[in-house]
2 protein chains.
Amino acid sequence: MPAINEGRMGLNSDGEKGDTRRGRETGTLGKLMALVDHVALADGPMRFTDILSLSDQPRGTLHRQLSHLVEEGLLEVDRDGRYRLGIRLLNLASRSWARNEFRAVAEPHLRHLQELTGETVHLGVLRGSEVIYLDKVEGRQSVRMYSQIGNASPAYCTGVGKAALSALDDLDLAGRIAALEFRAYTAHTHRNAARLLADIVEIRVRGYAFDREEHESGICCVAAPIRADDGGMLAGVSVTGPAYRVTSQKLQQWAPLVVAAADSIMTDMRNRLGPKR
Amino acid sequence: MPAINEGRMGLNSDGEKGDTRRGRETGTLGKLMALVDHVALADGPMRFTDILSLSDQPRGTLHRQLSHLVEEGLLEVDRDGRYRLGIRLLNLASRSWARNEFRAVAEPHLRHLQELTGETVHLGVLRGSEVIYLDKVEGRQSVRMYSQIGNASPAYCTGVGKAALSALDDLDLAGRIAALEFRAYTAHTHRNAARLLADIVEIRVRGYAFDREEHESGICCVAAPIRADDGGMLAGVSVTGPAYRVTSQKLQQWAPLVVAAADSIMTDMRNRLGPKR
DNA sequence: AAATTTCGTTCCAAATAATGGAACTAGAGA
DNA sequence: TCTCTAGTTCCATTATTTGGAACGAAATTT
């Protein structure tokens, strides 16, 4: 009832989608998606009251909002009244994935890169200051191939993420870095903006990024940036493997291959988009 | 590289009750999700005007709605102004999938069933009159393992779908059948409610369902129903393979294995849910 | 090159849907 | 039985969405 949003509108210099969670000017949808987020980020199914405590809204309002979300299939509720993400999301995502032309164009190149190196290849896109993995190609794949696709990881401590960040212009980069919270996933994780920036400067010079156990202990990778040019979208490819097998020399040796794959993907994208523009 | 099972998915992406597309009482969210549906069902990216012609709304209104959807990441727009599904959906779906306890409980059983039969095993849940595939285990898996997961297929001509339908009570079954549109995917597809009902009666007696090239030529399967009991949810497991390899005798021989797997999954689910209820 | 049509975007009074307080029901415990 | 907590429904008030109209920019035509 109070005029909550007095001041926020005008000054909103949101050129970027740095998802600050506060600046969302999306009215009703924003409120509803915030609820979906709460459910998505929780460890398990949530009861009505759990959600109530996270979203300071009156019970009546929350109840209607959740009902609408359930009705639309974005959430599901079991007979114990516990809410979880709805299966419609899986269905929509599967369409989104199947029809993603960037992914489709990249796929053969990922596979080729996988064959050249024998290690796992990832394709991820930058969204805000996170990387979302779009595809993954493993060699003698273990069972859970599906696992990584759709996952989000912080851009500042992953190979794909840093590669993508390095392709931003300085202004945009500064904006996204400002939105970061540095967290020490491992002993090698960058702890502040200065270290990250230094790394990114190197990456720009070299043309590729390393991740030496910055996100996960025992996991290293080389990655190269892709300017997808489609919607100003930035992405990256990487070759990833366990540190005991993937030595620094191997990473160095693979770097040109990764860069070549990234370049091929860019070229193919441009060709597919046609001589337009 | 080949998208093996590229869906011919239903016209009707929304399940739940008799989805008259008009009766959605979900206010603003309903209107917005209808737009998402339009984009999801289109063959490719859509221009503003394409969507405008499908959704009879004023240009100004549509523009704001699409902006909100883009802002929230449910849709994306490239610099040519073409809309497609947003990558946030992939991220949400990946969480939804990873945390789905039903899927997690079923997984070892699917794997076991795959080893016993050597053919592909599917897990799907019933949503409205469609089946959405939750998991898939292939033997020497080819590349596109991901493909089927999240896909929707009509319940009336798939093994998993018919098995799940057979576990409904008569009233509910009648309701869902009434909502069906029969389409002849192959020469063996049921063409009307009577044939389908007769099949379902047999399935109830036997305890398992066959699909002999009803949805896709050259593809057969045996499936058993799972009463997930979680939210009144119904599901099914199936073993699927090419007709030249999967003979009628084999299907018969596998039937008890499939039923056993379904039963094990049910038991595990009940145990995990605890002695509650 | 000017004129016209199409496409996309912005604005604001009017219409509509969301809000939030309160009243109500159902279960669980004491 | 009574009380407490969890969840659901109701309805006047308020905020958000709506839709027409007007605007700017491209593309197409004259």
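Helices here are DSSP runs of H or I with at least four residues, strands are E runs of at least two, and both are numbered from the N terminus. On that basis, chain A comes to 10 helices and nine strands. Keep in mind that this is a predicted model, where local features need pLDDT of at least 70, side-chain atom pairs count only at pLDDT 80 or more, and totals for chains, interfaces and linings use all residues. Residues are numbered from 1 along each chain as its sequence is written, chains are lettered from A and ligands numbered from 1 in the order in which they are written, and side-chain values use heavy atoms, with hydrogens and water left out.

**Chain A overall**

Of the 277 residues of chain A, 51% count as buried; buried means under 20% relative accessible area, exposed over 50%, and partly exposed in between (1.4 Å probe, protein chains only). Chain A exposes about 13000 Å², with carbon and sulfur atoms supplying 51% of it. These areas come from the Shrake-Rupley method with a 1.4 Å probe, and for residues only the protein chains shown count as cover. Contact means heavy atoms within 4.5 Å. Take the contacts in chain A between residues at least 6 apart in sequence: 55% of them join residues at least 24 apart.

Arg103(A) sits in helix α6 (residues 101-117) of chain A, and at 6% relative accessibility it counts as buried. Not counting residues up to four places away in sequence, Arg103(A) touches Trp97(A), Ala98(A), Leu123(A), Leu134(A) and Asp135(A).

Gln114(A) is also placed in helix α6 of chain A and counts as buried, at 9% relative accessibility. Leaving aside neighbours within four places in sequence, Gln114(A) is in contact with Glu119(A), Val121(A), Val137(A), Glu138(A) and Gly139(A). Glu138(A) is 24 residues from Gln114(A) along the chain, yet their C-alpha atoms are separated by 7.0 Å.

**Around DNA strand C**

A residue is near a strand if one of its heavy atoms lies within 4 Å of it. Of the 15 residues around DNA strand C, Pro58(A), Thr61(A), Arg64(A), Thr49(B) and His63(B) come nearest.

By class, the surface has three nonpolar, eight polar and four charged residues. Here Ala, Val, Leu, Ile, Met, Phe, Trp, Tyr, Cys and Pro count as nonpolar, Asp, Glu, Lys and Arg as charged, and the others, Gly among them, as polar.

| Protein atom | Atom of DNA strand C | Distance |
|---|---|---|
| Thr61(A), polar side-chain atom | base nitrogen | 2.9 Å |
| Gln65(A), side-chain N or O atom | phosphate oxygen | 3.3 Å |
| Thr28(B), backbone N or O atom | phosphate oxygen | 3.1 Å |

**Aromatic pairs**

The structure holds four aromatic pairs over all chains. Rings of Phe, Tyr and Trp (its six-membered ring) pair if their centres lie within 6.5 Å; planes under 30 degrees apart count as stacked, over 60 as edge-to-face and the rest as tilted.

One of the pairs is Tyr156(B) with Phe182(B), whose centres are 4.9 Å apart and whose planes meet at 65 degrees, so it is edge-to-face. Tyr156(B) is buried, with a relative accessible area of 2%, whereas Phe182(B) is partly exposed at 25%. Tyr208(B) and Phe210(B) are edge-to-face too, because their planes are at 85 degrees, with centres 5.6 Å apart. Both Tyr208(B) and Phe210(B) are buried.

Conventions:
A polar contact is a pair of N or O atoms within 3.5 Å; within protein, one must be able to donate a hydrogen and the other to accept it, and residues adjacent in sequence count only if both atoms are side-chain atoms.
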